[in-house]
Amino acid sequence: MPHPTQVVALLKAQQIRHVRLYNADRAMLLALANTGIKVAVSLPNEQLLGVGQSNSTAANWVSQNVIAHYPATNITTICVGSEVLNTLPNAAPILINALRFIHSALVASNLDSQIKVSTPLSSSIILDSFPPSQAFFNHSWNPVLIPMLKFLQSTGSFLMLNIYPYYDYMQSNGVIPLDYALLKPLPSNKEAVDANTLLHYSNVFDAMVDAAYFAMAYLNSTNVPVLVTESGWPSKGDSNEPDASLDNANTYNSNLIRHVLNKTGTPKHPGIAVSTYIYELYNEDTKPGPLSEKNWGLFDANGVPVYTLRLTDSGSVLANDTTNQTYCTAREGADSKMLQAALDWACGPGKVDCSALLQGQPCYEPDTVAAHATYAFDSYYHMMGKGSETCDFNGVAAITTTNPSHGSCLFLGSGGKNGTTYLNSTAPAMNSTSSGSSGRYCYGGAFTSAIIVIRVLVWSSLLLY
């Protein structure tokens, strides 16, 4: 991990106003002081037993990790453990004590109204999650969950839930369509319908959030809001994880950001945004396990964006958006005749200046339809302001973060100046478009309240609300 001051510099540069730490690292909390950034700190699982068995131990933890830094460091939330029921089941019986003891320490310091206490749970404790109306928590955890929900309700806190459509998709053996997992827009006839409520679901994320609400209602708890404490998609995976890719990670996180910030809500609670942390801030190159485990980050350890989120006209979003380093290229394996037709259109009715493709000019080589089409597609894409539907060309084009420049052939957005110029053009898009084009998932909107969540020294995420 970068030094805490470097992490905070990145957060400030990105105008990130909320951050979740997966421990309570003193150096990180000091670096966050006087920044105004709202901070969620965590009690690690390895400290749970001590805190859950001793009120004084809990009070001491709060004194050292919260009161010592507050209010200079704007701590707003304490996450007690992480997925305790799954990862540390033997500690489950004392989890509610840990929550109560931590809260009591806040009450004693008159901070209970400013700082909320909860514990992140894995969505896997929800059984029969579809249809959502039939969902319920694993009954074996009811002795823990029933008093926990009463605690959350009485303290005005929220149910913290980690939701990973990637894993739901991977474990479904083809039952869950990829587009449904990626929050891609679906036609109504492809949405999943809850036969009991007749609510339509267009993505896994909403279905899981509503499943949590129905599961809570099953235990007679109806007014505890859901806070999604982790969600994201890996950008790289092993050979048996082909859908862990840059394009899918970009698509999922971009669509999730739009979904949350548009305050779409869920079918059960429309119009009420689901506050969500995106996992994670940095890639974890030394983390054990599959390759995908190392590649959930938005940035590498140097603060360089792993990919460019597909957000247009969104103001100050993240550096990997404000740099606008996206390109439109010919799809690999696209039909050559369709590429030629799209190339002819771009250089003709599309009004792209294709003079750089002439023999002897910088972008003539390699003299292939795909290479020439990529130049023409990207020129049109930039000429049209990189708007939605401008990188489609009947499905033979796709947006990428990889700069296709080569040799002296420099593409727009790469800092180069070839013969292509921006035209004040209103040339229409091609008549037919492919619903599968990644260009369909650009959108406009403000991104002023995003939050990146960091696990200091280990891993991290981003909160939207």
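Buried means under 20% relative accessible area, exposed means over 50%, and partly exposed lies in between (1.4 Å probe, protein chains only). Keep that handy for this tour of the cysteines.

You have a predicted model open, where local features need pLDDT of at least 70 and side-chain atom pairs count only at pLDDT 80 or more, while totals for chains, interfaces and linings use all residues. Residues are numbered from 1 along each chain as its sequence is written, and side-chain values use heavy atoms, with hydrogens and water left out.

Searching the whole structure turns up three disulfides (a disulfide being a pair of cysteine sulfur atoms within 2.5 Å). Count the bonded cysteines of the chain in sequence order and the pairing reads 1-5, 2-3, 4-6.

**Stop one: Cys 328 and Cys 391**

Select these two and look at the sulfurs: they are joined in a disulfide, S to S 2.1 Å. The link spans distant parts of the chain, with the partners 63 residues apart. Cys 328 sits in strand S13 (residues 327–330), while Cys 391 is in the loop between helix H14 (369–383) and strand S14 (397–400). Those labels come from DSSP runs, numbered from the N terminus: helices are H or I with at least four residues, strands are E with at least two.

**Stop two: Cys 347 and Cys 354**

Next, pick Cys 347 and Cys 354, a disulfide with S to S 2.0 Å. Here the angle about the S-S bond is -85°, and the link is left-handed. Keep the surface on for this pair. Cys 347 has 31% relative accessibility, so Cys 347 counts as partly exposed. Cys 354 comes in at 14%, which means Cys 354 counts as buried.

**Stop three: Cys 363 and Cys 409**

Move on to Cys 363 and Cys 409, whose sulfur atoms form a disulfide at 1.9 Å. This pair links distant parts of the chain too, 46 residues apart. Find Cys 363 in the loop between helix H13 (336–347) and H14, and Cys 409 in the loop between S14 and strand S15 (451–454). Which hand does the disulfide of Cys 363 and Cys 409 have? The torsion about its S-S bond is about 100°, so the disulfide is right-handed. Cys 363 and Cys 409 are both buried.

**Last stop: Cys 79**

Finish at Cys 79, which counts as buried because its relative accessibility is 2%.
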